[in-house]
Amino acid sequence: MTHNRSLLTKEWYKVPISIDCPGCGAQTRSAGIVVGPSSLINAAEGSEDDVLTRPWTLIDAFAFVESLGGRTKNVEKFIVNRFHSAFEFRNDRLLSICEHCGENLSIASFRSAAMNGFVRLGQKGLLVNERMMLFASHVVLTEFHGGMSIEASSLPHPDYALMLICDAESAGGETGTIELWHSIARSDYAIVVKGHEGREMFRDAFNEDLEDVVATISDLGLVLTQLHLAQASSPYCQLARDLFLETLARFGYRQDD
Ligand SMILES: [Zn+2]
């Protein structure tokens, strides 16, 4: 176990878990975080304000995040706000929570489920590198051993860029995500629908037309609950969001908030 290091990464995975909540006793879906080999750690103690000058080293292995806190950047934005039923930020620490009662799930109660789940889903190519930069000054990691690798899952054409990630819910109350991709070269949108475990359920491409995208989502019986930009500061993503919201409004969708 690596104790209290700073972590800087653009390679991390949300690993779904399903366990019995020690608080309310119900079976709950939550998630843990695994970081990838390109992540950097900084061994120096008390280096909170020294991000630029301290030596960073590559962890060079996948590692399960036991705890994450201290000075943090983007953790709320990229983890808690996007996966709000699975995580919470409390007392400066990222916590996995029960989807029913909101109680903090102890790491001990799901560590092995998350680590095994990561290996199983990763080998099937069902995990996605979130590719968003995270920084935290107090991180404890447990490394995976044995040179494990995982297959990246992505659209077959490299010129598609991920624009939006929408939280979605089915009529039966199942949750998942819809990713909206766009290719400038092809002037083409594509959607990828994923279930709770990140398993791809459906993939479709549309010529230039967001109305077809919205119609398809509606045909699939999915309701959008939240919309996130794939890259918060990208004008390209912001434009995609504005066009998508406009199209949704034309189709009679209303925003709740
Ligand atoms: Zn609970």
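Which residues of H4 are buried?

**Before starting.** The structure is a predicted model, in which local features need pLDDT of at least 70 and side-chain atom pairs count only at pLDDT 80 or more, while totals for chains, interfaces and linings use all residues. Residues are numbered from 1 along each chain as its sequence is written, and side-chain values use heavy atoms, with hydrogens and water left out.

**Stop 1: helix H4.** Select residues 235-250, which form helix H4; helices (H or I, at least four residues) and strands (E, at least two) are DSSP runs, numbered from the N terminus. Now show Cys 237, Ala 240, Phe 244, Thr 247 and Leu 248, the buried residues of H4. Buried means under 20% relative accessible area, exposed over 50%, and partly exposed in between (1.4 Å probe, protein chains only).

Next, display E10, strand E11 (175-183), H3 and strand E14 (222-229), which are included in what covers the buried residues of H4. Just after H4, Gly 252 has a positive phi of about 90°.

**Stop 2: Met 163.** Move to strand E10 (residues 161-170) and select Met 163. Met 163 counts as buried because its relative accessibility is 2%. Leaving aside residues up to four places away in sequence, Met 163 touches several residues, including Trp 181, His 228, Cys 237 and Ala 240; contact means heavy atoms within 4.5 Å.

**Stop 3: helix H3.** Select residues 210-219 and show the buried residues of H3, namely Leu 210, Val 213, Val 214, Thr 216 and Ile 217. These cover an arc of only 160° around the axis and are therefore on the same side of H3. Gly 221, which follows H3, has a positive phi near 75°.

**Stop 4: the zinc ion.** Finally, select the zinc ion together with its protein donors, the SG atoms of Cys 21, Cys 24, Cys 98 and Cys 101, which lie 2.3 Å from it. Donors are N, O and S atoms within 2.8 Å of the metal (3.2 Å for Na, K and Ca); water is not among the atoms, so sites may look incomplete. Why is the arrangement tetrahedral? The four donor atoms subtend angles of 106 to 114° around the zinc ion, and four donors count as tetrahedral if all angles lie between 85 and 135 degrees. Cys 21 is buried at 3% relative accessibility, whereas Cys 24 is partly exposed at 39%.

Key
Four donors count as tetrahedral if all angles lie between 85 and 135 degrees; four count as square planar and six as octahedral if opposite donors are over 155 degrees apart and all others between 65 and 115; anything else is irregular. The arc is that of the directions from the helix axis to the C-beta atoms. The expected span of a helix is 1.5 Å times one less than its number of residues.
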